[in-house]
Amino acid sequence: MKRTYRKASQEVGKRIRAIREAKGLSREQVSHAAGMHVARLAELERGHTRSRTDNEVNPRLETLYRIANTLEVDVADFFQLEEKDSPELRMRQEIMDLMK
């Protein structure tokens, strides 16, 4: 399946939010620990993109690593974009639900 950049950004943002929520952390906690503004983390989680040239935010790799380190996951976990109904994703969600 071909993904557009905007769609991929939204999916990555959803993964960051899902991981953060599964760990019971607030945006404020994660943004503070990662050394970033809470509004910036909120933008990333919503997949909003804004840059100087075309109003798109392209998060720096360093930013993604700081968030991943704060969440104690590998940055690659943000890019594991499985199909919504895959058995693996359902199993992961069940595990995350049990961890709450």
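## Overall architecture

Read along its sequence, the protein follows the pattern α-α-α-α-α, with 5 helices and 0 strands; helices (H or I, at least four residues) and strands (E, at least two) are taken as DSSP runs and numbered from the N terminus. This is a predicted model, in which local features need a pLDDT of at least 70 and side-chain atom pairs count only at pLDDT 80 or more, while totals for chains, interfaces and linings use all residues. Residues are numbered from 1 along each chain as its sequence is written, and side-chain values use heavy atoms, with hydrogens and water left out.

Of the 100 residues in the protein, 33% are buried, where buried means under 20% relative accessible area, exposed over 50%, and partly exposed in between (1.4 Å probe, protein chains only). The accessible surface comes to about 6900 Å², of which 53% belongs to carbon and sulfur atoms; these areas come from the Shrake-Rupley method with a 1.4 Å probe, and for residues only the protein chains shown count as cover. Among contacts (heavy atoms within 4.5 Å) between residues at least 6 apart in sequence, 57% join residues at least 24 apart.

## Confidence of the model

The protein averages a pLDDT of 81, and 77% of the residues score at least 70; pLDDT is the predictor's confidence in each residue, from 0 to 100. Where pLDDT is low, the predicted coordinates should not be read in detail.

Helix H2 spans residues 27-34, and within it Val 30, Ser 31 and Ala 34 are buried. Seen down the axis of H2, these buried residues fall within an arc of 95°, so they line one face of the helix; the arc is that of the directions from the helix axis to the C-beta atoms. The buried residues of H2 pack against helix H1 (5-22), helix H3 (38-46) and helix H4 (61-71).

On the other side of H2, Glu 28, His 32 and Ala 33 are exposed. The helix is followed by Gly 35, whose phi is positive, near 70°.

## The nonpolar core

The largest nonpolar core has 15 residues, and those with the most contacts inside it are Ile 16, Met 36, Leu 41, Ile 67, Leu 71, Val 73 and Phe 78. Helices H1, H2, H3 and H4 each supply at least two residues of this core, and H4 gives the most, with 4 residues. A core of this kind is a set of buried Ala, Val, Leu, Ile, Met, Phe, Trp, Tyr and Cys residues joined through side-chain atoms within 4.5 Å.

Leu 71, which has its place in helix H4, is buried, with a relative accessible area of 0%. Not counting residues up to four places away in sequence, Leu 71 touches Ile 16, Ile 19, Arg 20, Lys 23, Leu 25, Val 30 and Phe 78. The C-alpha atoms of Leu 71 and Arg 20 are separated by 6.6 Å, although the two residues are 51 apart along the chain.

Glu 72 lies in the loop between H4 and helix H5 (87-99) and is exposed, with a relative accessible area of 68%. Its phi is positive, about 60°, although Glu 72 is not a glycine. Most residues other than glycine have a negative phi.

## Salt bridges

Side chains of opposite charge can pair when their charged atoms come close. The structure holds 7 salt bridges, each defined by a side-chain nitrogen of Lys or Arg within 4 Å of a carboxyl oxygen of Asp or Glu. In helix H1, Arg 17 and Glu 21 are 4 residues apart, about one turn of the helix, and they form a salt bridge whose closest N and O atoms are 2.9 Å apart. Arg 17 is partly exposed at 37% relative accessibility, as is Glu 21 at 38%.

In helix H3, Glu 43 and Arg 40 are 3 residues apart, about one helical turn, and their side chains meet in a salt bridge (3.9 Å, N to O). Glu 43 counts as buried at 16% relative accessibility, whereas Arg 40, at 22%, counts as partly exposed. In helix H4, Glu 62 and Arg 66 meet in a salt bridge (3.3 Å, N to O), and they too lie about one turn of the helix apart, at a spacing of 4 residues. Salt bridges that share partners join Arg 17, Arg 20, Glu 21, Arg 27 and Glu 45 into one network.
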